[in-house]
Amino acid sequence: MVRKIWSLSFIAFVLVLTSFLPVQSVSANPLSDIPDRSSEEINYLIQRGVILGFPDGTLKPKDPVTRQEAATLVGRALELNGEKRSTNFPDVPKASYASGYIQSAYDEKIITGYPDGTYKPQNYITRGEMAFLISKAFSLTSTSGEKYSDIPTDGALTTAIDRVSTAGIANGYPDGTYKPGKSITREEFSLLIARGLNPKFKVDGTNTKPDQPMAEKYVSTSILNVRTGPGVSYEKVGKLSLGTKVTIYKEVGDWCQISYNGTRAYVHGAYLLDKLKEKRVIAIDAGHGGYDGGASANSVLEKEVNLAVSKKVRDLLEKSGIEVIMTREDDTYISLDGRVKHAVDNGADTFVSIHSNAFPNNESVSGIETFYSSAALNDRAYKSYKLASFIHDRLVEAMEMKSRGVKDVPYRVIHATPLPSALVELGFLTNSSDASKLGSTYWQEKASKAIYLGVIDYYNWIDK
């Protein structure tokens with residue numbers, strides 16, 4: 001038997017169809033007793049042919065759902081064999097409309113019945129039983145530690161309820177309870193289906209409880225999609241830019257729930273960086289300036305590249321809550337010792353100098369290299385090495401350029417400072433390929449983002 005595993009969206013779909021088995025053909029006319037509070041979801045399902053209603057044109061929204069109805073809808077959603085046949089349960093006769101789906105669900109280990117060997121098809125299914133049914137039928141595994149006051153702190157029931165809550169299919173009540181023994185009505189079934197089929201209807205398992213922020217983090221990629229649910233199948237509702245601060249309310253697998261435009265939404269946790277534990281002040285040094293233009297080749301002037309990238313790095317760092325001391329913010333010449341003094345006098349804890357390279361005698365030389373100085377007291381040398389390494393790794397990846405390594409060289413501006421420091425050479429202006437990138441706004445932005453991320457990597461390493 002081939003079992004088709006549908007998306008998580010069909011979790012809700014499964015729940016509803018079962019409760020509406022003795023129905024007529026699909027009608028374009030709305031049912032007469034649809035509650036106003038759930039009309040959008042139910043009409044959405046009617047339009048999709050999910051809800052058919054009864055022959056008298058009603059939904060009977062307050063009626064509870066039976067176990068045989070639930071098994072039938074799960075079977076239909078999973079495309080199990082619904083042909084009537086004998087079952088393993090003595091209280092489910094072959095003639096029952098649900099016999100085929102019940103047996104198929106049993107064969108697939110979706111249902112097991114009761115300890116006495118019966119299925120009790122006419123019993124109303126409870127919220128707790130439904131949590132088991134859904135989590136097994138759709139192989140739900142993600143949990144987020146959802147807790148309710150009327151369920152145990154651990155155990156199979158707790159895990160099943162946690163899974164359906166995490167999936168955004170079911171939630172608790174305002175008093176913090178889940179009511180696992182309560183039966184499910186047709187209206188509730190409809191809401192579950194709508195939430196599964198269309199992410200805009202989904203709920204948050206914690207939305208009846210006070211907000212409890214877990215952490216603050218920062219976006220570490222150029223553009224981070226914001227979605228209605230914890231997965232790429234959910235609708236995109238917006239985007240966040242690099243360095244944006246977000247508040248995390250819960251984690252669902254690899255996804256993080258955040259506050260977005262007044263509602264709850266989700267972003268992938270792989271693209272978030274931890275909030276820095278302490279206030280940080282960094283000096284960003286744009287190499288050269290004024291009459292000292294630095295290297296020049298392929299119509300690109302070093303001092304201009306250095307300043308452009310440095311300013312972009314500053315903007316990203318400040319957006320992440322880091323104070324930035326610029327050694328120069330315009331085309332001004334500052335001595336090497338003057339740069340260091342300015343950084344130290346203004347309370348910087350880290351120093352990064354940004355440069356562009358040149359090799360006039362060999363235009364084929366290319367790539368990124370980053371320097372630190374080991375001539376230092378205490379642990380500054382090792383911190384400088386780590387700072388240089390974090391930045392270097394990010395730059396090589398972002399710029400798609402050759403790595404020339406992290407090197408120990410006592411350049412004055414990083415040798416004289418008492419601060420952990422690194423000097424970055426973004427590429428060779430004398431190499432046509434490197435120069436074309438360094439003269440491009442697009443690649444300057446890539447470089448600045450890489451340096452920014454390297455600095456954040458360094459500060460997070462310090463905070464461990």
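My entries go from the whole chain down to one residue.

**Entry 1: the whole chain**

I began by noting that this is a predicted model. I counted the secondary structure of the protein chain and got 13 helices and 15 strands. I then looked up burial, and found that 55% of the 464 residues in the protein chain are buried. For the accessible surface I wrote down about 20300 Å², with 49% of that belonging to carbon and sulfur atoms. I also looked at contacts with a separation of 6 or more: 74% of them link residues 24 or more positions apart.

**Entry 2: helix H10**

Next I went to helix H10, residues 380-399.

**Entry 3: strand E15**

Then I turned to strand E15, residues 421-428, and found eight of its eight residues buried. Which strands does E15 pair with, and in what sense? With strand E12 (residues 350-357) I found parallel pairing over six bridges. With strand E13 (residues 368-372) the pairing is antiparallel, over three bridges. I picked Leu423 in E15 to follow by hand. Leu423 is the bridge partner of Ser353, and Phe371 stands opposite Leu423 too.

**Entry 4: Glu187**

My last stop was Glu187, which I found in helix H7 (residues 186-197). Is Glu187 buried or exposed? Its relative accessible area is 7%, and buried means under 20%, so Glu187 counts as buried.

I wanted to know what surrounds this side chain. Leaving aside neighbours within four places in sequence, I listed Pro35, Arg37, Ser38 and Pro61 as the residues in contact with Glu187. Two of these entries got a closer look. The side chains of Glu187 and Arg37 are joined by a polar contact of 2.9 Å. The side chain of Ser38 makes a polar contact of 2.8 Å with the side chain of Glu187. I also noted Ile34: it lies 153 residues from Glu187 in sequence, yet the two are 8.3 Å apart in space, C-alpha to C-alpha.

Conventions
Residues are numbered from 1 along each chain as its sequence is written. This is a predicted model: local features need pLDDT of at least 70, side-chain atom pairs count only at pLDDT 80 or more; totals for chains, interfaces and linings use all residues. Side-chain values use heavy atoms; hydrogens and water are left out. Helices (H or I, at least four residues) and strands (E, at least two) are DSSP runs, numbered from the N terminus. The expected span of a helix is 1.5 Å times one less than its number of residues. Buried means under 20% relative accessible area, exposed over 50%, partly exposed in between (1.4 Å probe, protein chains only). Contact means heavy atoms within 4.5 Å. Accessible areas come from the Shrake-Rupley method with a 1.4 Å probe; for residues, only the protein chains shown count as cover. Two strands pair if DSSP finds at least two bridges between them. A polar contact is a pair of N or O atoms within 3.5 Å; within protein, one must be able to donate a hydrogen and the other to accept it, and residues adjacent in sequence count only if both atoms are side-chain atoms.
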